[in-house]
Amino acid sequence: MGDEEQTTNNKVKTVDTNNQQSGKKRKKQKEVAIFGNYRNYYTYRIDQGLEEDPRIKIMKKEWFEGKTCLDIGCNSGLITITIAKNFGCQKILGVDIDSARIEDAHWNLRKIVKMSEIKKQHSGDSLSHLFDIVSFKKDNFVQSWSTPGEKYDTILCLSVTKWVHLNWGDEGLITLFSKVWRLLQPGGVFILEPQPWTSYVSNRQVSEVAATNYKKLEIFPENFQEILLDKIGFREIENLSASLSGSKTGFNRPVLALWK
C-alpha cells in the first residue's frame with residue numbers, strides 16, 4: 001500500500017446514509033471506519049455509569065505487572081492507559097493504523113496525567129510516571145510492522161480481528177496471529193477478543209475491499225481457537241468471558257487468554 005493511498009484509507013470516512021433527492025430531509029450522516037478506527041469508540045461499547053471498560057476487570061495483574069506489553073489496535077488508548085495505571089506495566093506500547101486515533105491517545109494520556117496532578121493536591125497521588133511507561137505509535141501491524149529483536153510479555157488484540165480479516169483476508173489474519181506468536185516471550189500471554197461472524201455480516205459493505213474479501217473468507221471466528229493452538233503453536237487457552245459483565249448489547253464477545 002503506497003503512502004498516499006494509506007494516508008487516505010486511514011481516515012475515518014463519513015458518508016450520507018440517505019441518497020434522497022436534493023431538498024428532501026436527509027438522515028444524520030453515519031460514521032464509517034473501514035479499519036474499525038471509530039472516533040469515540042469506547043462510548044459505543046461501554047454502558048453509561050461505568051468508570052472504566054468492563055474488560056479491565058477480567059484482566060489479571062500478573063499478566064502486566066513489571067511486564068513489557070503491546071496493545072494492537074489501541075484506538076484512542078484508553079485501555080492501554082488504564083492497564084498501565086491499574087497493573088503497573090514496565091512498558092506498554094499502543095499501536096493503531098490511524099494517526100488521528102494515535103493523536104487522541106496522546107491527548108488522553110496528557111489529560112489523565114493532568115487530572116491526577118490536580119487531584120494530587122488532595123490525595124498526594126500523581127500519574128506523571130505514566131509518561132515513562134505508556135507510548136503510542138501509528139503503524140499497520142499486519143503489513144508493515146517490523147521490530148527486529150523486540151519481544152513482549154503480554155500482547156492484547158481486542159476487537160481487531162474482524163477488521164484485519166475484512167481488509168487483508170485469511171492471509172492477513174494468519175499474518176496477525178503469526179506475528180503475535182513471534183513477538184511473544186516464551187510463556188507470554190496473548191489476550192484476544194475476536195468479533196463474531198454476525199459482526200462481519202454487518203460490516204461487509206464498509207468498503208469495496210471488505211466486500212470482496214468477505215466473499216472469499218474460508219476461516220471463520222469459530223475456527224480461531226483451533227488455528228491458534230494447532231497451527232500457530234499456542235500451548236494453552238482460557239476463556240475469560242464468564243466473568244465479563246457491563247458490556248453494551250452487541251459487544252458480548254469472548255475474551256481469550258492464550259499462552260506461548
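**Strand E3 and its surroundings**

In this predicted model, strands E3 and E6 pair in the parallel sense, with four bridges between them. Within this pairing, Asp71 is found opposite Leu156 of E6. E3 also runs parallel to strand E4 (residues 91-96), to which five bridges join it. Here Leu70 has Leu93 of E4 as the residue standing opposite.

Strand E3 spans residues 68-72, and because five of its five residues are buried, the strand is largely enclosed by the rest of the structure. Thr68, Leu70 and Ile72 point one way from E3, whereas Cys69 and Asp71 point the other way, and all are buried.

Ser159 lies in the loop linking strand E6 (152-158) to helix H6 (161-183). With a relative accessible area of 8%, under the 20% cut-off, Ser159 is therefore buried. The side chain of Ser159 makes a polar contact of 2.6 Å with that of Arg253.

The cysteines complete the picture. Cys74 has a relative accessible area of 0% and so is buried; Cys157 likewise counts as buried, at 0% relative accessibility. As for cysteine sulfur pairs within 2.5 Å, the count of disulfides comes to zero.

Methods
Residues numbered from 1 in each chain as written. Predicted model: local features only at pLDDT ≥ 70, side-chain atom pairs only at ≥ 80, totals over all residues. Heavy atoms only, no water. Helix = DSSP H or I, 4+ residues; strand = E, 2+ residues; numbered from the N terminus. Buried < 20%, exposed > 50% of the residue type's maximum accessible area, 1.4 Å probe, protein only. Polar contact = N/O pair within 3.5 Å; in protein donor to acceptor, adjacent residues only side chain to side chain. Pairing = 2+ DSSP bridges.
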